[in-house]
Amino acid sequence: QRVLHEIARPSQIEGRELRVSCRVGVSVLPRDGRDVQMVIRNVDTAMYKAKEYGRNNFQFYSPEMNTVIAQRLEMQTSMRNAVNQERFELAYQPKIDLVTGRIAGMEALLRVKDEAGNLSLPDTFIQVAEETGLIVPIGEWVMREACNFNRALQDRGFAPMRVAINLSARQLTRYDLVRAVELALGDAGLAAECLELELTESMVMGDPESVIGTLAQLKALGIQLSIDDFGTGYSSLSYLKRFPLTSLKIDQSFVSELDHDHDHNASAIVKAIISIGHSLDMNVIAEGVETEQQLSFLVDNGCDAMQGYSLSRPLVAEGFVTLLEREPAGGEKFARGRPMGGTCG
Ligand code: C2E
Ligand code: MG
Ligand code: MG
C-alpha cells in the first residue's frame with residue numbers, strides 16, 4: 001500500500017504535473033516457490049492479475065492464477081492461428097422493416113471455424129480478441145467482408161440494403177476508424193449509406209467528448225450509427241441527443257420478457273425506449289424477437305424494425321442469398337408502424 005501511495009504522488013517536471021500509476025504483484029519465498037527465479041515468475045503472474053483490476057492495486061500470487069493464465073494463453077494461441085489461417089466467416093441476420101414487412105437490412109455476425117470447419121459463436125472469442133488487441137485486425141476483416149458481400153448482392157440485382165457491423169471499443173478509440181471505413185467502402189465500391197456501425201452504450205458514454213468527433217466524421221461520410229443492446233448499460237440522455245445516431249436497438253432481454261410480463265415491467269421499458277428513440281428522431285429496432293406475441297406487441301407500439309429467430313437466424317452468405325430470392329414481392333406480413341426511412345444506394 002505504501003509503495004502504491006508513494007508512486008501515485010504527482011511529480012513536477014518542467015513545470016508540469018505528471019502522475020505515474022503502478023500495479024504490484026507479490027510472491028513470497030519459500031511459500032510460492034523453491035528459488036528466486038520461480039518466485040519472480042510468480043510475481044509476474046500476480047502483477048498481470050493486478051493489471052486486470054485497473055490502476056494502483058496489488059495482488060498476492062496464488063497457484064490458481066496459473067491455471068487461468070494457461071487457459072487464456074491457449075485461447076490466445078488458438079485465436080492467432082485462426083487469424084493466420086483466415087478461419088473466420090460472417091453470418092447475416094435480416095432486419096425487417098415493420099411498415100413494409102420487407103427485409104430492410106442485415107447484421108453481420110462473426111463466426112469462427114475450428115480446424116474441422118465447424119462454426120462457433122463469438123462470445124468468449126471476442127472477449128479474448130479485445131484483451132489481446134487482435135480485435136482490430138479481425139474487426140477490419142469483418143468490415144471489409146461485410147462491405148464486399150453487400151456490394152456483391154447489389155451486383156446480383158438485389159435492391160440496395162444496409163449492412164450493420166458490430167464494433168469494439170478499441171476500434172473506436174485506439175485506431176483510425178474513419179480512415180479504415182473509407183478504405184473498406186472505397187475498395188468494395190459501396191455507398192457509405194449502405195454501411196451501419198453498431199456501438200454500445202459503454203463504448204460511447206465512457207468518454208463521450210472524445211468519441212463525439214469520430215462519430216461526427218463517420219456521420220458526415222454518410223454512415224449510419226446505432227446503439228446496440230440499448231437499455232442494458234448507462235446512457236446520458238443529453239449525450240444521446242448530441243451523438244449523431246440513427247437508431248436504437250432494444251436489447252433482446254427486454255423483448256424476451258414481453259411473453260411473461262405479469263408486472264408489465266418489460267412492456268413499460270420497451271414502450272419507453274420506442275418513445276425516447278422517436279422523440280430523438282431515431283429509428284427503433286427490436287432484437288431477439290422469437291414469438292408472434294412479441295412481434296405483435298412491437299408492431300402495435302410503433303417499433304420500426306425487428307430482427308430475431310421468428311423471422312430468421314443468422315445465415316451464412318449463400319443462405320442469406322436464398323432468403324432474399326424467396327422473399328415474396330409484397331412483403332406485407334409484418335406491415336404497420338412507421339417507415340424505417342432512408343434506403344441506401
Ligand atoms: P449483438 O450484436 O447484440 O448480436 C445479436 C445476437 O443475438 C447474435 O448473437 C445473434 O445471433 C443473436 N440473436 C439474433 N436473434 C435472436 C433471437 O431471436 N433469439 C436469441 N436468443 N438470440 C438471437 P451472436 O452472433 O452470438 O453474437 C453475440 C455478440 O457478439 C453480438 O451481440 C456482438 O456484440 C458480438 N459480435 C458478433 N460479431 C461481432 C463482430 O464482428 N465484432 C464485434 N466486435 N463483436 C461482434
Ligand atoms: Mg449487434
Ligand atoms: Mg444486441
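Are Glu-287 and Lys-249 buried or exposed? Both Glu-287 and Lys-249 are buried, where buried means under 20% relative accessible area, exposed over 50% and partly exposed in between (1.4 Å probe, protein chains only). The model is a predicted one, in which local features need pLDDT of at least 70, side-chain atom pairs count only at pLDDT 80 or more, and totals for chains, interfaces and linings use all residues. Residues are numbered from 1 along each chain as its sequence is written, chains are lettered from A and ligands numbered from 1 in the order in which they are written, and side-chain values use heavy atoms, with hydrogens and water left out.

**Overall architecture**

- The protein has 14 helices and 14 strands; helices (H or I, at least four residues) and strands (E, at least two) are DSSP runs, numbered from the N terminus.
- Along the principal axes, the C-alpha atoms fill a box of roughly 75 × 50 × 50 Å.
- Of the 345 residues, 43% count as buried.
- Among contacts between residues at least 6 apart in sequence, 68% join residues at least 24 apart, a contact being heavy atoms within 4.5 Å.

- Donors are N, O and S atoms within 2.8 Å of the metal (3.2 Å for Na, K and Ca); water is not among the atoms, so sites may look incomplete.
- Glu-107 counts as buried at 3% relative accessibility, whereas Asn-166 is partly exposed, with a relative accessible area of 28%.
- The magnesium ion (ligand 3) is coordinated at 2.0 to 2.4 Å by Asp-228 (OD), Asp-229 (OD), Glu-287 (OE) and Glu-287 (OE), and the donors follow the spacing D-D-x57-E. Asp-228 lies in strand β10 (residues 224-230) and Glu-287 in the loop between β12 (283-286) and α13 (292-300), so the pair ties together parts that are 59 residues apart in sequence.
- Asp-228 bridges the magnesium ion (ligand 2) and the magnesium ion (ligand 3), which lie 4.3 Å apart.
- Asp-228 is buried, with a relative accessible area of 7%, and Glu-287 is buried at 8%.

**Salt bridges**

- A search of the whole structure finds 15 salt bridges, each being a side-chain nitrogen of Lys or Arg within 4 Å of a carboxyl oxygen of Asp or Glu.
- The side chains of Lys-95 and Glu-198 meet in a salt bridge at 3.2 Å, N to O. This pair links strand β5 and strand β9, with the two residues 103 apart, and both Lys-95 and Glu-198 are buried.
- Glu-287 and Lys-249 form a salt bridge at 3.8 Å, N to O. Because Glu-287 lies in the loop between β12 and α13 and Lys-249 in strand β11 (residues 247-250), the pair ties together parts that are 38 residues apart in sequence.
- A network of salt bridges links Lys-95, Glu-107, Glu-196, Glu-198, Lys-249 and Glu-287.
- Lys-113 forms a salt bridge with Glu-89, the closest N and O atoms being 3.5 Å apart. The link runs from strand β6 to strand β5 (residues 88-97), across 24 residues.

**Strand β9 and its partners**

- Five of the six residues of strand β9 (residues 195-200) are buried.
- β8 and β9 pair in the parallel sense over four bridges, and β9 and β10 do so over five bridges; two strands pair if DSSP finds at least two bridges between them.
- The bridge partner of Ala-164 in β9 is Glu-196, while Leu-197 stands opposite Leu-225 in β10.

**Helix α13**

- The buried residues of α13 include Gln-294, Leu-295, Phe-297, Leu-298 and Val-299.
- Their cover includes α11 (252-257), α12 (265-279), β12 and β13 (305-306).
- Just after α13, Gly-302 takes a positive phi of about 80°.
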